Amino acid sequence: HSAMHKTKVSRAVAELEKRRWLTRQADQKDRRIEMLELTGAGSTVYREMVPLAVAFQENLMRRLGDASGKAL
């Protein structure tokens with residue numbers, strides 16, 4: 001589930017698939033639904049990105065301070 005516009009999600013999924021970081025499979029009962037799964041390469045990239053994203057968020061929150069961080 002995503003709060004992003006479906007066009008942006010579609011483009012992101014297409015790019016990840018092009019990089020061979022995920023695969024998608026259409027639901028047999030409802031072709032509007034697709035099951036997405038990370039490939040081995042996608043899982044590797046994900047594991048590398050998570051610590052970077054966490055560090056970025058922590059640094060941002062430190063710079064904003066408690067009040068601004070909570071407001072954000």
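**Exercise 1. Where is the place of T39?**

Solution. This is a predicted model. Begin with the secondary structure around the residue. T39 sits in the loop between β2 and α2, the latter covering 40-71. Next, follow its side chain. The T39 side chain reaches the backbone nitrogen of G42 at 3.1 Å. Last, set aside neighbours within four places in sequence. T39 is then in contact with R20, W21, L22 and T23.

**Exercise 2. Work out the order of helices and strands along the protein chain.**

Solution. Count the elements. The protein chain has two helices and two strands. Now read along the sequence. The pattern is α-β-β-α. Helix α1 holds residues 6-18. Strand β1 covers residues 22-26, and strand β2 covers residues 34-38. Helix α2 spans 40-71.

**Exercise 3. Check the span of helix α1 against its number of residues.**

Solution. Take the 13 residues of α1. The rule is 1.5 Å times one less than the number of residues. Now compare the model. Then look past the helix. R20 follows α1, and its phi is positive, near 65°.

**Exercise 4. Trace the salt bridges that involve R24.**

Solution. Start with E17. The side chains of R24 and E17 meet in a salt bridge, at 2.9 Å from N to O. Are these two residues buried, exposed or partly exposed? R24 has 31% relative accessibility, so R24 counts as partly exposed. E17 has a relative accessible area of 31% and is partly exposed too.

Move to the other partner. E34 also forms a salt bridge with R24, with the closest N and O atoms 3.2 Å apart. This pair links distant parts of the chain: E34 lies in strand β2 and R24 in strand β1, 10 residues apart. E34 has 38% relative accessibility, so E34 counts as partly exposed.

**Exercise 5. Compare the protein chain with a compact globule of 72 residues.**

Solution. Begin with the radius of gyration. A compact globule of 72 residues would have one near 11 Å, but the protein chain has 17 Å. Next, take the dimensions. The C-alpha trace spans about 50 × 25 × 15 Å along its principal axes. Then ask what share of the residues is buried. Buried residues make up 8% of the 72.

Turn to the contacts. Consider those between residues at least 6 apart in sequence. Of these, 3% join residues at least 24 apart. Finish with the surface. The protein chain exposes about 6700 Å², and carbon and sulfur atoms supply 56% of that area.

How values were computed: Residues are numbered from 1 along each chain as its sequence is written. This is a predicted model: local features need pLDDT of at least 70, side-chain atom pairs count only at pLDDT 80 or more; totals for chains, interfaces and linings use all residues. Side-chain values use heavy atoms; hydrogens and water are left out. A salt bridge is a side-chain nitrogen of Lys or Arg within 4 Å of a carboxyl oxygen of Asp or Glu. Buried means under 20% relative accessible area, exposed over 50%, partly exposed in between (1.4 Å probe, protein chains only). Helices (H or I, at least four residues) and strands (E, at least two) are DSSP runs, numbered from the N terminus. The radius of gyration is taken over C-alpha atoms; the globule rule is 2.2 Å times the number of residues to the power 0.38. Contact means heavy atoms within 4.5 Å. Accessible areas come from the Shrake-Rupley method with a 1.4 Å probe; for residues, only the protein chains shown count as cover. A polar contact is a pair of N or O atoms within 3.5 Å; within protein, one must be able to donate a hydrogen and the other to accept it, and residues adjacent in sequence count only if both atoms are side-chain atoms.
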